[in-house]
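Visitor: Could you walk me through how some of the helices pack in this one? I'd like to go residue by residue where we can.

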2 protein chains.
Amino acid sequence: MTASGTQERILDAAECLFAEHGFGDVSVRQVVHTAGVNVASIHYHFGSKEALVEAVMSRRLKPLNDERLRLLDEYESRDEGEVALEDVLYALIAPAVKLSRSRKGGKSFVRLVGRLFAEPSNTVLERLKDRFEVVFIRFHRAFKRTLPAIRKRDYFWRIHFILGAMSLTLCDRERPAAWSEGSCDPDDLDEVIQQLVAFCAAGLRSPVPRKKRKR
Amino acid sequence: MTASGTQERILDAAECLFAEHGFGDVSVRQVVHTAGVNVASIHYHFGSKEALVEAVMSRRLKPLNDERLRLLDEYESRDEGEVALEDVLYALIAPAVKLSRSRKGGKSFVRLVGRLFAEPSNTVLERLKDRFEVVFIRFHRAFKRTLPAIRKRDYFWRIHFILGAMSLTLCDRERPAAWSEGSCDPDDLDEVIQQLVAFCAAGLRSPVPRKKRKR
DNA sequence: GACTAATTGAAACATCTGTTTAAATTGGAA
DNA sequence: TTCCAATTTAAACAGATGTTTCAATTAGTC
């Protein structure tokens with residue numbers, strides 16, 4: 001039996017459309033049309049539109065997070081636990097940014113991940129939470145080791161800011177190039193990664209903000 | 001003639017619902033229902049759903065950006081042009097964060113702004129672009145003055161990361177508190193502002209990333 | 001080739017979508 | 001009170017939505 005290309009063609013089309021227009025603004029009919037399959041296929045293969053959304057995310061999420069953990073493992077075994085902050089950030093950031101240049105819908109998927117984080121009340125994110133949790137716990141340990149003196153509250157605020165910077169960068173390729181009149185090149189992925197890593201490392205290392213100043 | 005509360009009740013309901021579920025996932029019928037008005041009211045008062053979305057944003061965007069510019073003016077006149085980087089960031093960030101605790105839907109609106117920036121292909125953002133542009137140009141000048149040596153490309157990448165950190169922080173109040181098991185208090189706005197300003201200042205000041213390392 | 005299960009197809013399901021109509025109601029000005 | 005415009009109402013519009021049905025087709029196994 002060909003577990004025929006139908007499923008993948010639906011996933012590819014959905015991934016692309018969702019990334020471009022958001023989850024709620026894409027109908028199953030648009031998906032089946034650009035996939036070139038029948039309307040019923042979605043419910044036959046996935047059960048519902050919501051399940052399709054989840055399937056779209058799941059397909060690439062595992063490889064992405066596996067690569068992150070693989071890099072982290074590599075650095076930790078190489079440096080015997082004394083991994084540089086920049087390397088931890090690199091392991092977190094680079095796989096996502098690099099996925100965005102992969103041939104197949106990687107570009108779309110990566111924008112979807114950004115979208116996922118920016119849409120708080122998203123049921124999809126809830127369902128994928130477990131998949132992220134494992135990764136973040138591993139990275140938390142790695143970060144804590146490179147920043148032993150940091151206060152818990154400072155650490156988590158800054159991780160949140162890092163996720164925000166990552167999300168928008170994955171979501172929106174074009175804005176930096178547009179604002180800078182071409183000085184920023186969204187296709188130079190090594191540059192994007194370098195910039196993100198340097199920015200986040202500086203933010204994580206910054207001294208504790210002094211007591212609230214009244215304004 | 002009562003330019004009756006109807007318009008404002010629609011705006012309030014729409015603001016709240018859009019913030020919670022996104023633009024595309026909220027129907028005009030949900031809006032009129034929670035606003036307690038008739039279906040036709042939206043088209044009578046605003047013309048279309050899209051015009052309503054724009055009206056929701058416009059209502060609070062001008063006061064927000066006015067306050068940003070007012071703060072920047074205040075600091076520039078006080079310090080005779082030698083404004084500290086932290087103060088420029090404060091003028092950009094604090095009004096948005098503070099709006100998020102105002103009684104009326106400010107909280108919702110501020111999440112909407114975050115959403116706006118995270119949804120790239122958004123026609124609404126296109127229409128509101130002018131309103132943002134004036135503000136950003138003013139802030140660009142102020143930033144450049146505090147960072148005279150920065151490369152154009154570094155500057156715009158970092159501004160992009162700052163917008164990302166801001167967006168997610170405005171969008172999602174709860175995540176830092178949840179991840180940190182309560183160490184981060186999303187209601188302590190002075191703390192949020194301090195954290196964001198310190199993080200972004202460190203990121204902006206960080207040394208130029210060294211030449212690409214091959215991995 | 002015949003049987004069976006997996007897959008696809010066209011059509012219809014009820015419900016929801018944004019929008020419009022036209023009649024009813026309101027409230028201030030004359 | 002009369003009048004007129006501004007506003008609100010209920011009903012309907014055409015089309016899109018996610019989903020289901022069931023017959024037609026496909027493909028692998030005996």
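Visitor: Which residues in H5(A) meet H10(A)?

Guide: In this predicted model, the H5(A) side of the contact is made of A:Leu85, A:Glu86, A:Leu89, A:Tyr90, A:Ile93, A:Ala94, A:Val97 and A:Lys98, and they meet A:Leu189, A:Val192, A:Ile193, A:Leu196, A:Val197, A:Cys200, A:Ala201, A:Leu204 and A:Arg205 in H10(A). Sorted by class, the contact of H5(A) with H10(A) has 14 nonpolar residues and three charged ones, with no polar residues.

Visitor: And at what angle do the axes of those two cross?

Guide: The axes of H5, residues 85-99 of chain A, and H10, residues 189-205 of chain A, cross at roughly 140° and come within 9 Å. The crossing of H5(A) and H10(A) is right-handed.

Visitor: OK, stepping back, how many helices and strands does chain A have?

Guide: Chain A has 10 helices and zero strands, and its C-alpha trace spans about 60 × 40 × 35 Å along the principal axes. Of the 215 residues in chain A, 55% are buried, and among contacts with a separation of 6 or more, 72% are between residues 24 or more positions apart.

Visitor: What about its accessible surface?

Guide: The accessible surface of chain A comes to about 9800 Å², and carbon and sulfur atoms account for 53% of that area.

Visitor: Switching to a single spot: where is A:Gly22, and is it buried or exposed?

Guide: A:Gly22 sits in the loop between helix H1 (6-21) and helix H2 (28-35) of chain A, and it counts as buried because its relative accessibility is 3%, with the cut-off for buried being under 20%.

Visitor: What is A:Gly22 in contact with, leaving aside its neighbours within four places in sequence?

Guide: With those neighbours set aside, A:Gly22 is in contact with A:Leu17 and A:Arg115. As for A:Ala96, which is 74 residues from A:Gly22 along the chain, the two C-alpha atoms are separated by 19 Å.

Visitor: Now chain B: how do H1(B) and H4(B) cross?

Guide: The axes of H1 (residues 6-21) and H4 (residues 49-78) of chain B come within 10 Å and cross at roughly 90°, which means that H1(B) is roughly perpendicular to H4(B). The residues of this contact divide into eight nonpolar and six charged, with no polar ones.

Visitor: Which residues are those?

Guide: From H1(B), they include B:Glu8, B:Asp12 and B:Phe18, and on the H4(B) side they include B:Lys49, B:Leu52, B:Arg59 and B:Arg60.

Conventions. Residues are numbered from 1 along each chain as its sequence is written. Chains are lettered from A and ligands numbered from 1 in the order in which they are written. This is a predicted model: local features need pLDDT of at least 70, side-chain atom pairs count only at pLDDT 80 or more; totals for chains, interfaces and linings use all residues. Side-chain values use heavy atoms; hydrogens and water are left out. Axes are lines fitted to C-alpha atoms, for helices over the stretch in contact, and angles run from 0 to 180 degrees between N-to-C directions. Helices (H or I, at least four residues) and strands (E, at least two) are DSSP runs, numbered from the N terminus. A crossing is left-handed if the near helix is turned anticlockwise from the far one by less than a right angle, and right-handed if clockwise. Contact means heavy atoms within 4.5 Å. Ala, Val, Leu, Ile, Met, Phe, Trp, Tyr, Cys and Pro count as nonpolar, Asp, Glu, Lys and Arg as charged, and the others, Gly among them, as polar. Buried means under 20% relative accessible area, exposed over 50%, partly exposed in between (1.4 Å probe, protein chains only). Accessible areas come from the Shrake-Rupley method with a 1.4 Å probe; for residues, only the protein chains shown count as cover. Angles under 35 degrees count as roughly parallel, over 145 as roughly antiparallel, 65 to 115 as roughly perpendicular and the rest as oblique.
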